[in-house]
Amino acid sequence: MNHDEIIKCVEEFAVKNLDNHDGGHDWWHLSRVRNTAIYLLNTEGYGDPLLVEISALLHDMGDSKFKKERVSDTGSLISTFLRSLGLDDKIIKEVIFINNNISFSKGKRPAEVSGEFMIVQDADRLDAIGAIGIARAFNYGGFRNNRIYDPTGAGPSTIAHFYEKLLKLKDMMNTSTGRMIADERHRYLESFLVQFYNEWKTGDKSDV
């Protein structure tokens, strides 16, 4: 199979494994992450295009926010599928490693990672900030029935998520291109929060 044929099969496989995902983690999220990863790869000038594209398309498989299966089960599923496409063990192992370790919730990045890992992780994190990142955050908050904002901090809210994750991502980028894009999108997050708090204050008459 050539590159395009493999990617077509991976796209179909990825779509079949999006059950129960919210609208911010749908096919279009995978597509954006794939496209951004390819842009980063071309701009940075390193990385295996096939590995980057497959990893981007499969990076959300088995996401614990939506799936109950263990990571090992997800790895087995990915491995079986990619072997059916005739891919070698080196590529399969790296795709599974990226899937297992890419998420923010994993905490500190593993000490030794590939250039492809850094590219796909940056692409995924860039989709969590800026205008699209804001839209995705509120979409997921609604999916979880979280409050938009709770000034008391009594429960989970989407605005709290900005401070728990989104505003931290700019300083966690791996590539120079990722850092440049993140800087612009981070400023948009900050400007949104300024506007949000101004509007909230105008509408809050609790202390009148």
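Below we chat through the cores, a helix and the salt bridges.

Me: What kind of model is this, before we start?
Reply: It's a predicted model, where local features need pLDDT of at least 70, side-chain atom pairs count only at pLDDT 80 or more, and totals for chains, interfaces and linings use all residues. Residues are numbered from 1 along each chain as its sequence is written, and side-chain values use heavy atoms, with hydrogens and water left out.

Me: OK, which residues touch the most other members in the largest nonpolar core?
Reply: Leu 126, Ile 129, Phe 162, Leu 166 and Leu 189, out of 28 residues in that core. A nonpolar core here is a set of buried Ala, Val, Leu, Ile, Met, Phe, Trp, Tyr and Cys residues joined through side-chain atoms within 4.5 Å. Buried means under 20% relative accessible area, exposed over 50%, and partly exposed in between (1.4 Å probe, protein chains only).

Me: Which helices each supply at least two residues of it?
Reply: Helix 2 (27–44), helix 3 (49–58), helix 6 (115–126), helix 7 (130–143), helix 8 (158–164) and helix 9 (176–203). Helices are DSSP runs (H or I, at least four residues), numbered from the N terminus.

Me: And what does Leu 189 touch?
Reply: Leaving out residues up to four places away in sequence, Leu 189 touches Ile 129, Gly 130, Ile 134, Phe 162, Leu 166 and Leu 167. Contact means heavy atoms within 4.5 Å.
Reply: Another core lies apart from the largest one, with 22 residues, including Leu 50, Leu 51, Leu 58 and Leu 85.

Me: Switching topic: which residues of helix 1 are buried?
Reply: Ile 6, Ile 7, Val 10, Glu 11, Phe 13 and Ala 14. At the start of helix 1, a side-chain oxygen of Asn 2 comes to within 3.2 Å of the backbone nitrogen of Asp 4.

Me: Now charges. How many salt bridges are there?
Reply: The count is 8 salt bridges, each being a side-chain nitrogen of Lys or Arg within 4 Å of a carboxyl oxygen of Asp or Glu. Glu 11, Arg 34 and Glu 53 are linked in a network of them.

Me: What about Asp 183, who's its partner?
Reply: Asp 183 pairs with Arg 187, with the closest N and O atoms 2.4 Å apart. They sit 4 residues apart in helix 9, so about one helical turn separates them. Asp 183 is partly exposed at 32%, and Arg 187 is partly exposed at 46%.

Me: And Asp 171, buried or exposed?
Reply: Asp 171 is exposed, at 64% relative accessible area. Its side chain meets that of Lys 170 in a salt bridge (3.1 Å, N to O), and Lys 170 is partly exposed at 22%.

Key:
A polar contact is a pair of N or O atoms within 3.5 Å; within protein, one must be able to donate a hydrogen and the other to accept it, and residues adjacent in sequence count only if both atoms are side-chain atoms.
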